[in-house]
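Hello,

Here is the structure I promised to send over. Have a look at it first, and then read on for what turned up in it.

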Amino acid sequence: MSKPTFVIVGASLTGAKAAEELRAQGFDGRVMLIGAEPERPYERPPLTKDYLRGESAREMAYVHPGGFYEQQEIELVTGVTVTAIDPGASRVTLDGRRTLGYDRLLLATGAEPRRVPVPGADLDGVYYLRTLADCDLLRARLEAGGRVVVVGAGWIGSEFAASARQRGLDVTVLDPQPLPNERIFGREIGAFYRDVHAQHGVDLLLGEGVDSFEGNGAVSRVWTTGGRRIECDFAVAGIGVVPRTGLATDAGLAADNGIAVDDKLRTSAPGIFAAGDVASAWHPLYQRPVRVEHWANALHQGPAAARAMLGQPVSYDHIPYFFSDQYDVGMEYSGYAPQWDEVVFRGDVASGEFLAFWLREGCVVGGMNVNVWDVNEDVQALIRARKPVEVAALTDSGTSLAELAGQPTAGS
Ligand SMILES: Cc1cc2nc3c(=O)[nH]c(=O)nc-3n(C[C@H](O)[C@H](O)[C@H](O)COP(=O)(O)OP(=O)(O)OC[C@H]3O[C@@H](n4cnc5c(N)ncnc54)[C@H](O)[C@@H]3O)c2cc1C
């Protein structure tokens with residue numbers, strides 16, 4: 001009997017970690033990892049940070065060392081797009097030409113930048129930042145210096161702005177919200193990040209969006225919704241991403257803000273799984289679908305999907321987590337908090353070293369540590385405990401977070 005074929009579509013972090021896990025679990029069938037990009041799988045966080053600034057080598061960004069896929073007998077196919085899935089026949093079409101049968105299929109097609117829907121957005125010099133190729137172009141622009149307008153003060157825009165300032169460029173950031181990420185994290189954290197950027201010389205135009213880009217072939221000025229004109233050498237848009245669901249929905253798979261999967265990462269079609277940025281996964285803790293667009297989710301959900309493909313018991317219940325580095329401000333955030341009642345702090349926000357907790361009905365639903373380290377596990381335990389905590393204890397640096405979460409501590 002021939003060995004089974006497991007096909008993974010999308011050769012980025014989710015897909016690469018899934019392929020690795022299949023082999024780690026002893027799967028000895030055929031593993032095909034198919035990616036549209038010309039590169040072997042790489043991590044994206046360096047693309048707004050050290051790699052963008054020219055401080056780290058390309059090699060550092062790859063998920064695995066060269067030779068890994070050959071050693072593991074993973075057939076890595078780069079520069080090839082899966083253009084169709086036939087779930088009835090268990091086949092995928094590659095580049096619209098040849099087809100390939102599968103026994104299990106993982107969709108790890110990720111997300112792509114939301115385009116700015118204004119006049120002039122297709123001018124040269126208006127960039128997005130998702131791929132290594134995008135980053136190489138922007139790395140060269142940072143090298144050349146000049147003036148850049150950043151559209152969007154979310155994480156990508158903010159990290160790009162920080163790196164551009166660190167390389168000495170004049171940076172203007174536009175965002176229609178009054179404060180960066182205010183909708184997600186509230187006023188205090190928004191104000192903290194606004195001040196961090198202002199202190200580093202970024203010109204923040206908050207409460208204003210982009211109205212149009214103008215230039216003769218290439219962008220040379222940006223008009224804001226407030227009627228201001230900003231001269232620039234180039235612009236970078238970071239206004240969010242959209243999950244790449246088209247392949248799945250064309251094949252009739254259920255999707256709603258991402259490919260719908262259960263906690264075992266199974267789609268609505270037998271034998272087809274989805275994970276990473278593209279997956280809207282039923283979350284056992286939150287009892288609702290959650291789609292996470294962050295590195296740690298790709299890192300863990302890819303392998304979980306691999307185990308599920310092998311028929312192992314899986315119930316993916318990681319608490320969403322992400323990190324961000326801007327200038328000398330490092331941050332980790334854990335949780336899922338679309339709504340909260342209040343935000344409380346441990347430590348002084350103005351000092352730049354603090355923890356913030358988002359509370360809902362007295363329970364911690366989100367936690368952020370800024371330039372304070374080795375607390376993330378405790379923050380996650382607090383969230384998982386789902387029991388009311390006393391604000392006085394939570395905000396008192398002398399009280400152990402692990403104890404508050406009911407975790408055993410050293411000496412207890
Ligand atoms: C610049 C940048 C910086 C980031 N920094 C951070 C950070 O600091 N902290 C953090 O927590 N997260 C960060 N993230 C988010 C993190 O990188 C993503 O969550 C992660 O890359 C998701 O991995 P993925 O494999 O699910 O999807 P993706 O990385 O989007 O990869 C999907 C891959 O699938 C391929 N593909 C799509 N469709 C097809 C098809 N039909 N056929 C073949 N291939 C296909 C795509 O070409 C792509 O290579 C950052 C993201 C970016 C873009």
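**Around the ligand**

A polar backbone atom of Glu293 sits 3.3 Å from an oxygen atom of the ligand, a polar contact (a pair of N or O atoms within 3.5 Å; within protein, one must be able to donate a hydrogen and the other to accept it, and residues adjacent in sequence count only if both atoms are side-chain atoms). Before going further, please note that this is a predicted model, in which local features need pLDDT of at least 70 and side-chain atom pairs count only at pLDDT 80 or more, while totals for chains, interfaces and linings use all residues. Residues are numbered from 1 along each chain as its sequence is written, and side-chain values use heavy atoms, with hydrogens and water left out.

Side chains reach the ligand too: an N or O atom of Arg44 is 2.6 Å from a ligand oxygen, and for Lys49 the distance is 2.5 Å. On its own the ligand has 1,000 Å² of accessible area, and the protein covers 94% of that (Shrake-Rupley method, 1.4 Å probe).

The shell has 35 residues, of which Glu37, Arg44, Lys49, Arg130 and Asp277 come nearest (a shell residue has a heavy atom within 4 Å of the ligand). By type, 17 are nonpolar, ten polar and eight charged (Ala, Val, Leu, Ile, Met, Phe, Trp, Tyr, Cys and Pro count as nonpolar, Asp, Glu, Lys and Arg as charged, and the others, Gly among them, as polar).

**The cores**

The largest nonpolar core has 54 residues, and Ile85, Leu105 and Leu107 have the most contacts inside it. Such a core is a set of buried Ala, Val, Leu, Ile, Met, Phe, Trp, Tyr and Cys residues joined through side-chain atoms within 4.5 Å. Helix α8 (residues 295-309) gives the most to this core, seven residues (helices are DSSP runs of H or I, at least four residues; strands are runs of E, at least two; both are numbered from the N terminus). A second, separate core of 46 residues includes Tyr333 and Leu47.

Asn369, in strand β26 (residues 363-370), counts as buried because its relative accessibility is 0% (buried means under 20%, exposed over 50%, partly exposed in between; 1.4 Å probe, protein chains only). What does the side chain of Asn369 join in a polar contact of 2.8 Å? The partner is the side chain of Glu332. A polar atom of the Asn369 side chain also lies 2.8 Å from the backbone oxygen of Val372.

Best wishes
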